[in-house]
Amino acid sequence: MRDYFELIAELKEKGIEALDGDFYDYRGFPLEKEFQEFYEFCQTYLDRDDLAFNIKPARFYYNTNTDVNGLAYVKNGYNLVEIYKGTIFGLHSFFNEKEEKFKEKSLNDYKRIIAADDISCPHFLFQYVTLYFLYHEVAHLIQRSMGSNDQKEFADAKCEGEDIVTQHIKEHDADWFAANQIAFHLLPFAQKLSEKTGEKLENILQNITGLALAGIYMYFIKRAKGYQTIYYQEYCHPHPSIRLSYMIIYLLDALSANVGS
């Protein structure tokens, strides 16, 4: 496992700096454990040799920007995923604020099933949606490896003419990839919970899929607050409500195709 701080030193030696802020050192700060665990998962994924695409060498790091965002780019031979520290803090806070909702009796089954893995429902939602950020940015790196232009994709950027179509297709493709990848996390987690609780796998899977969809739904609804009027072409990203619609479809399609349910 690559040490995060040795990785940062490696990038600096190669003349690479964080784009939207400075490299973030999370040691001694709140959520240090969450930052470290997510880094370990992401960098391990990028280092795998069994993936059907080649974006090596790839490195993952955090920047000091407090927004909820991330980006992917190529520099000096490295494929880079930069996640804003605000993504971890923001999503953690956003989902933890929903703890009160899980005191409602109608949500008891979700809370009981997730508790079998010694985590809370808000923590599951936090972990699940952060995975979306990783896979979305990895998809942009795959696009780069296939000849796509190396540029930052930002929702607020204005697009014109063919750029609108190109950028919307790239975002749609990145969301499709992310939806498929996060779908594949649900089955092994459901199997783990089924073994712990003795409950039927199908029942467990339905419940955690419901939670996963809730997390995706809440995230995109949160993003849509900045775009009260739906648009189709004005900006470089599709409107959040459009992305929400196809994300749900693709996640369920990927899951059902692999579990036969």
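## Overall architecture

The secondary structure of this predicted chain consists of nine helices and three strands, and from the N terminus onward the elements follow the order α-α-β-β-β-α-α-α-α-α-α-α. The radius of gyration of the chain is 19 Å, close to the 18 Å that the globule rule gives for 261 residues, so the chain is as compact as a globular protein of that length.

Along its principal axes, the C-alpha trace of the chain spans about 50 × 45 × 35 Å. Of the 261 residues, 49% count as buried, and among the contacts in the chain with a separation of 6 or more, 66% are made by residues 24 or more positions apart.

## The pair of helices α2 and α3

Two packed helices are described by the angle between their axes and the distance between the axes. For helix α2, which covers residues 32-46, and helix α3, which covers residues 85-96, the axes come within 11 Å and cross at roughly 120°. The crossing of α2 and α3 is right-handed.

The contact is formed by E34, F35 and F38 on the side of α2, and by K85, I88, F89 and H92 on the side of α3.

## Y4 in helix α1

Y4 belongs to helix α1, which covers residues 4-13. With a relative accessibility of 2%, Y4 counts as buried, because buried means under 20% relative accessible area. When residues up to four places away in sequence are not counted, Y4 touches Y24, Y26, Y39, F60, Y61 and Y62. The C-alpha atoms of Y4 and D25 are 9.1 Å apart in space, while the two residues are 21 residues apart in sequence.

## Q143 and S148

Q143 is a residue of helix α5, which covers residues 121-145, and at 9% relative accessibility Q143 counts as buried. Leaving aside neighbours within four places in sequence, Q143 is in contact with S148, K170, D173 and A174.

S148, for its part, is found in the loop between α5 and α6, the latter covering residues 162-183. Not counting residues up to four places away in sequence, S148 touches Q143 and K170, and K170 is also among the contacts of Q143. From S148 to Q233 the separation is 85 residues in sequence and 20 Å in space, C-alpha to C-alpha.

## Backbone features in the loops

Most residues other than glycine have a negative phi, and most peptide bonds are trans. Against that background, L31, although it is not a glycine, has a positive phi of about 65°; L31 lies in the loop between α1 and α2 and is buried, with a relative accessible area of 16%. D118, which is not a glycine either, has a positive phi of about 60° and lies in the loop between α4, residues 108-115, and α5. At 70% relative accessibility, D118 counts as exposed.

The peptide bond from K56 to P57 is cis, with omega near -5°, and P57 is found in the loop between α2 and β1, the strand of residues 58-63.

Methods: Residues numbered from 1 in each chain as written. Predicted model: local features only at pLDDT ≥ 70, side-chain atom pairs only at ≥ 80, totals over all residues. Heavy atoms only, no water. Axes fitted to C-alpha atoms, helices over the stretch in contact; angles between N-to-C directions. Helix = DSSP H or I, 4+ residues; strand = E, 2+ residues; numbered from the N terminus. Left-handed = near helix turned anticlockwise from the far one by under 90°. Contact = heavy atoms within 4.5 Å. Rg over C-alpha atoms; globule rule 2.2 N^0.38 Å. Buried < 20%, exposed > 50% of the residue type's maximum accessible area, 1.4 Å probe, protein only.
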